[in-house]
There are 2 protein chains.
Amino acid sequence: MALIVQKFGGTSVADLDRIRHVAGRVQRTHAAGHQVAVVVSAMAGETNRLLALAKAAHPRPAERESDVLASTGEQVTSALTALVLHDLGVPARSFLGHQVRIETDSAYGRARIVRIDAERLRETLASGAVAVVAGFQGVDADGSITTLGRGGSDTSAVALAAALGADMCEIYTDVDGVHTSDPRIVPRARKLDRISYDEMLELASLGAKVLQIRSVEFAKRYCVPVHVRSSFNDNEGTRVVEEDATMEEVSVAGVAADQNEAKLTVRGVPDNPGVAARLFGPVAAAGIVVDMIIQNASADGTTDMTFTVPRADYDQALELVRGIAQTIGARDVRGDLDVAKVSIVGVGMRTHAGIAARMFEVLAAEGINIQMISTSEIKISVVVDAKYCELAVRALHDAFIPAA
Amino acid sequence: MALIVQKFGGTSVADLDRIRHVAGRVQRTHAAGHQVAVVVSAMAGETNRLLALAKAAHPRPAERESDVLASTGEQVTSALTALVLHDLGVPARSFLGHQVRIETDSAYGRARIVRIDAERLRETLASGAVAVVAGFQGVDADGSITTLGRGGSDTSAVALAAALGADMCEIYTDVDGVHTSDPRIVPRARKLDRISYDEMLELASLGAKVLQIRSVEFAKRYCVPVHVRSSFNDNEGTRVVEEDATMEEVSVAGVAADQNEAKLTVRGVPDNPGVAARLFGPVAAAGIVVDMIIQNASADGTTDMTFTVPRADYDQALELVRGIAQTIGARDVRGDLDVAKVSIVGVGMRTHAGIAARMFEVLAAEGINIQMISTSEIKISVVVDAKYCELAVRALHDAFIPAA
């Protein structure tokens, strides 16, 4: 007998028919003698509908109230899922964030889980009933409802699995698992049977939308075995696991692309100590997350600073940085929205030499100019002209990912 | 400076435009220097939509889960109302049942308030902000969400007013106040300026839908001044107050009709001690509320028992009572759905003699046969053939209610 957390996303609970399908799967797991905690998202489209309502009520709705509104989506699904399970003869009980209880900080709209008291869930599971938990939501120390941000139900599920000491956290979604690249760009992209936590972290941060990045952090920190699989069939999906020796045989696990960034270049920055802090301090203070940063010193004692920001923050960042550039005596600021970040990820990079050089060769052979480069131990990202994005991804996939 | 509770029903918050209208009213009260706690219902139709969803998930949905589902209606309205108040520059904060906190028993779907801890609300009001409370919902000792039954937001409002020691509880609805009769039946029915708690209790229990009966019980017990008025205009409505001497000058305050009951007659019941208990015990155990009961002893040592039950429980009651009738050796059971209960209500009845006799004369003059009679200190109800319902109401209104 195992303790299994099963999480179902919005498309998997889009309507009552889909919820019945989900409940059937839960029933089979329960009938096999396992304890099952189910985490559900809002029905597809519901969160957007609720946030649009908030927006119609106020142009910049207070996040505390937006969260009260948005959290009803998962509340509805959790009750409906419990009822459908009853209809199948499975004892079940719904739990909201404050009932579990899942305590978060008070960063409404993007709250982080602080602690989970899973005692109530444990009692329910021990009694033989299925616990159906509303994902995406928690409660702060003050008792106000919070939400965990887009994809937050993934984090709810993995965090609950960690708190319960679950044997497995199954993430059911509308794709078969984690792929070597986006199949819409690379038709021959294939599903990975296994991926390490670190690789999954990089992929999640690079625009692969299959798991919320914080859920992977949780999984890695608490060694929660995660299985990403389709709710539409019984195929084996992708297991997100601890890195092991066999993984390093494969140099690159995946190729990712992200077109949601924009590039800013501050030219002719006086090359003084502390100038970077004066530039990026106010940007961080404005809540804008800077991703890649490169700096080229010129011969004339000035330097060029180039960095990327989320596309949604581009206008604000450009205005802010233009002001700072004047203050610090830089020459000018240029912005570029037509960029894409293309990345290769794999734990094997640690041991396989020459991956970066090979990547640059592949791009050069396609005539693609590299504007920025950023590397980590298991990832290399380049910024290229947006029009080359798909071509770069396909060329890199062909070069690095062996055919199945 | 007063502390005022303002409750807005479903039609008053039917969409964002109506909510803006409601918020404007709250803003004016707040700007006049008052502390305002607002209680909101679900947007019109929303509770029915949610309960239909529950029904689609399970033919007889578990009430605990139905309540989780249904309570989202008021949750949405409370957040939207707070946001619209922000948009008008009014500080406001939403509160759910478990946040206030409003503790109830665990009778899901028809829970009764056990206690209210209004400390959080008091702090919010003292800080100068408006507290927007989701009506209809509470939380049981176990932390599960409960709902208070149809019209439960009235009870939320009056109970909060009592807990806060409010100076006034304003119930905003889609009619101008409490009328002497249903204006759809009696065109010359007029709005009452004042009505006593006891009269309002009788009217509420007799099918006048303007206030949930439990809200009136709360108001009476804690002497909460209630003002029932329209959210569509600024007219003075009806004040529900302690009875005073001037009220007794008017013998009858209102005429009510209720067509939601059905009549059952058990004929030839052996006239033994304890037979009534054997008949009505199982009916009560089945959760069926018996309203009027009359018993006619016959010359042959048997008796006929006639009583009314809610129309929705008629089939179940008929089957149940037929079984009991056999056990206790009664002759047969007859049922009748085509009945109406017509009532006159007024505290003046205590001091005005002959009201009942006059009522029976009025009905006789119209050729209306009386099937059952039930009286209280301030009410006389008769059951008549359903087809005479409107005629009886109009005739009694003409006879007892002076023209304005």
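Mentor: Let us begin with pairing: two strands pair if DSSP finds at least two bridges between them, and helices (H or I, at least four residues) and strands (E, at least two) are DSSP runs numbered from the N terminus. Bear in mind that this is a predicted model, in which local features need pLDDT of at least 70 and side-chain atom pairs count only at pLDDT 80 or more, while totals for chains, interfaces and linings use all residues. Residues are numbered from 1 along each chain as its sequence is written, and chains are lettered from A and ligands numbered from 1 in the order in which they are written.

Trainee: How do you know that strand 10 of chain A pairs with strand 12 of chain A?
Mentor: Three bridges join strand 10 to strand 12 (residues 238–241) of chain A, against a requirement of at least two, so the two strands count as paired. They run parallel, and A:Arg194 stands opposite A:Arg239 in strand 12 of chain A.

Trainee: What makes strand 3 and strand 10 of chain A edge strands?
Mentor: Eight strands of chain A form an open sheet in the order 3-6-2-1-9-11-12-10, with mixed pairing. Strand 3 (92–95) and strand 10 (194–196) of chain A each have a single partner strand, so one side of each is left without a neighbour in the sheet. Neighbouring strands of this sheet are turned by 20° against each other on average, direction ignored.

Trainee: Why is A:Phe95 called buried?
Mentor: A residue is buried if 20 or more other C-beta atoms, placed from the backbone, lie within 10 Å of its own, exposed if 12 or fewer, and partly exposed in between. A:Phe95 has 26 such atoms within 10 Å, and is therefore buried. A:Phe95 is found in strand 3 of chain A. Contact requires C-beta atoms, placed from the backbone, within 7 Å; leaving aside neighbours within four places in sequence, A:Phe95 is in contact with residues including A:Val100, A:Leu121 and A:Ala131.

Trainee: What makes the pairing of strand 18 and strand 20 of chain A antiparallel, and over how many bridges does it extend?
Mentor: Strand 18 (residues 339–345) and strand 20 (residues 379–385) of chain A pair in the antiparallel sense over seven bridges, where at least two are required. A:Val345 stands opposite A:Lys379 in strand 20 of chain A. These strands belong to an open sheet of four strands in chain A, with the order 13-18-20-19 and antiparallel pairing.

Trainee: How do you know what relation holds between chain A and chain B?
Mentor: Copies are superposed by least squares on the C-alpha atoms of residues with pLDDT of at least 70 in both, pLDDT being the predictor's confidence in each residue, from 0 to 100. A rotation of 179° with 0.0 Å of shift along its axis superposes chain B on chain A, with an RMSD of 0.2 Å. That is the relation of a two-fold axis. Of the residues of chain B, B:Thr72 comes closest to the rotation axis, at 2.9 Å (C-alpha).

Technical notes: Axes fitted to C-alpha atoms, helices over the stretch in contact; angles between N-to-C directions. Contact = placed C-beta atoms within 7 Å.
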